[in-house]
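Q: Hi, I have a structure open and would like to go through a few parts of it with you. Could you take it step by step?

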Amino acid sequence: MVEHKKVVIIGGGISGLTAAYYLQKDKREKQLPLDIKLYEASGHLGGKIETVKRDGFTIERGPDSFLERKKSAGRLAREVGLEDQMVPNGTGQAYILVKEKLHKMPSGSFMGVPTRIRPFLFSGLFSPAGKARAAMDLVKSKKQIEHDQSLGLFFRRRLGNQVVENLIEPLLSGIYAGDIDELSLQATFPNFYDLEQEYGSLIKGLRKTVSKPPKNKPKPSMFRTFENGLSSLVEAVEGQLSPGVVQVNTGVDHIERKGDTYHLLLSDGTADKADAVIIAAPYFAAQRMLSQYEFMNKLKEMKATSVANVAMAFDAAAISKDIDGTGFVVSRNSKFRITACTWTHKKWPHSTPEGKVMLRCYVGKPDDQEVVNLTDEEITKIALHDLSQIMDINTQPDFSVVTRWHDSMPQYAVGHKDRLQEVTDHLERELPGIYLAGGSYRGIGLPDCIDQGEVAVEQVLKQLKL
């Protein structure tokens, strides 16, 4: 009789759900002697993915899309039957708010780094001195650094303070909700370091490697979502799992190795056993579950920031100063407390009824964390106050939906990859069969989290020799 192996997945975000889905797929296709269990501490699957419907609006409380060029999210969507429901974002001009004025994002830039010179020369974002300093990237010698460095340090050295503060920092901090002078280059955008080393210049490297859009054609959309919101992916993946695989409202308090198996103490006082464990939970939860192992204390060095957003619905007539674009990010040296605003009705036209407008504003700078703890009314008031100065909006919304994500944005600080590798090496030696996956570790975007779920499945099957 073939001995069955059991895999427990901890965490029902997209990484954990992906792991459960692909484990079950392999089990069915290869007739593997495998039992699968997923525990989610809350009553909600999907992690930060959460779509709500109200009055004909489709509102994302967390991420609103995934990057199309990273293939794993689209592949998973097709596998669970959502191919026909994928929709591209509406493309249009994006803006940056600097010194109380909206400036067009210079065309021909990649994450804020120029690939075309002319749009930057004519941009009002930079002074002549700032433009001249950025142009030094073309002649400034490369600098080999064996260890890690911060994004801020790297980009300031290549392009100067002004381009960093008025363009790169608002874009990258918007992605990671962190301080660019603390975030790790190697853990976030190592490709920029590689470009510097190979081409001696970021501008030269990007011009060589980034494909140019066809002339006289609209810029292709980079992002995708689903007609009924991102939660439809979560629901579709869950729908593919066998009954009994998922158990919500059940956390894992402690994991102990006993011989070749792992004993798990659950939050309801019961216990479970596993031959392999995928911890698809935040770094602080992983450390707590394995707190008896000193090497896990490395994860205590990590930090996370909190963010909040408010989605506001208006009648189109309420927006007297409409702007032709998809939204804006805010320079951190501005007086405003919002960090960005998405014009959702233009970025995702399918999400908003005809004649209506939806704006989604974000708050929670690294040095303004207390704003996340304000009441719904106070957060909405802050957003409206800032928008009244930027877009001349002086009308109360038809309704608003405020969402807070406490300690939800893991910070990949300088040295992150080395710290994570040290933990991973110890797990491999001392706790074979336990793997980490999710936004705390090797990428925060949906495709990155899906990738990590897939890799964890490969590691588990190899470890169990299945």
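**Salt bridges, a strand and a buried leucine**

A: Let us begin with E79, which counts as partly exposed because its relative accessibility is 28%, and please keep in mind that this is a predicted model.

Q: OK, which residue does E79 form a salt bridge with?
A: E79 forms a salt bridge with K25, and the closest N and O atoms of the two are 3.0 Å apart. The pair links distant parts of the chain, since K25 lies in helix α1 (residues 14-30) and E79 in helix α2 (residues 71-79), 54 residues apart.

Q: And K25, how accessible is that?
A: K25 is partly exposed, with a relative accessible area of 25%, a value that lies between the cut-offs of 20% for buried and 50% for exposed.

Q: Why would side chains pair up like that at all?
A: Side chains of opposite charge can pair when their charged atoms come close.

Q: How many salt bridges are there by this rule?
A: The count comes to 20 salt bridges. Among them is the one in which the side chains of R156 and E165 meet, at 3.4 Å from N to O. R156 counts as partly exposed at 22% relative accessibility, and E165 also counts as partly exposed, at 34%.

Q: What about K298, which partner does it have?
A: K298 forms a salt bridge with E422, where the closest N and O atoms are 4.0 Å apart. This pair, too, links distant parts of the chain: K298 is in the loop between α11 (283-289) and β17 (303-315), while E422 is in helix α14 (residues 416-430), and 124 residues separate them. K298 is partly exposed with a relative accessible area of 26%, and E422 counts as partly exposed at 35%.

Q: Changing topic to strand β14, which residues are on its covered face?
A: In β14 (residues 261-266), the covered face has Y262, L264 and L266, whereas T261, H263 and L265 are on the uncovered one.

Q: What's in the turns, then?
A: The hairpin of β13 and β14 has 2 residues between the strands, and G259 there takes a positive phi near 70°. The hairpin of β14 and β15 has 4 residues between them, with G269 in the turn showing a positive phi of about 90°.

Q: Last one: is L206 buried or exposed?
A: L206, which is found in helix α9 (residues 202-209), is buried, because its relative accessible area is 2% and the cut-off for buried is under 20%.

Q: What is L206 in contact with, leaving aside its neighbours within four places in sequence?
A: L206 is then in contact with F110, V113, P114, T115, F192 and L195. To take one of these, V113 and L206 are 93 residues apart in sequence but 8.2 Å apart in space, from C-alpha to C-alpha.

How values were computed. Residues are numbered from 1 along each chain as its sequence is written. This is a predicted model: local features need pLDDT of at least 70, side-chain atom pairs count only at pLDDT 80 or more; totals for chains, interfaces and linings use all residues. Side-chain values use heavy atoms; hydrogens and water are left out. Buried means under 20% relative accessible area, exposed over 50%, partly exposed in between (1.4 Å probe, protein chains only). Two strands pair if DSSP finds at least two bridges between them. Contact means heavy atoms within 4.5 Å.
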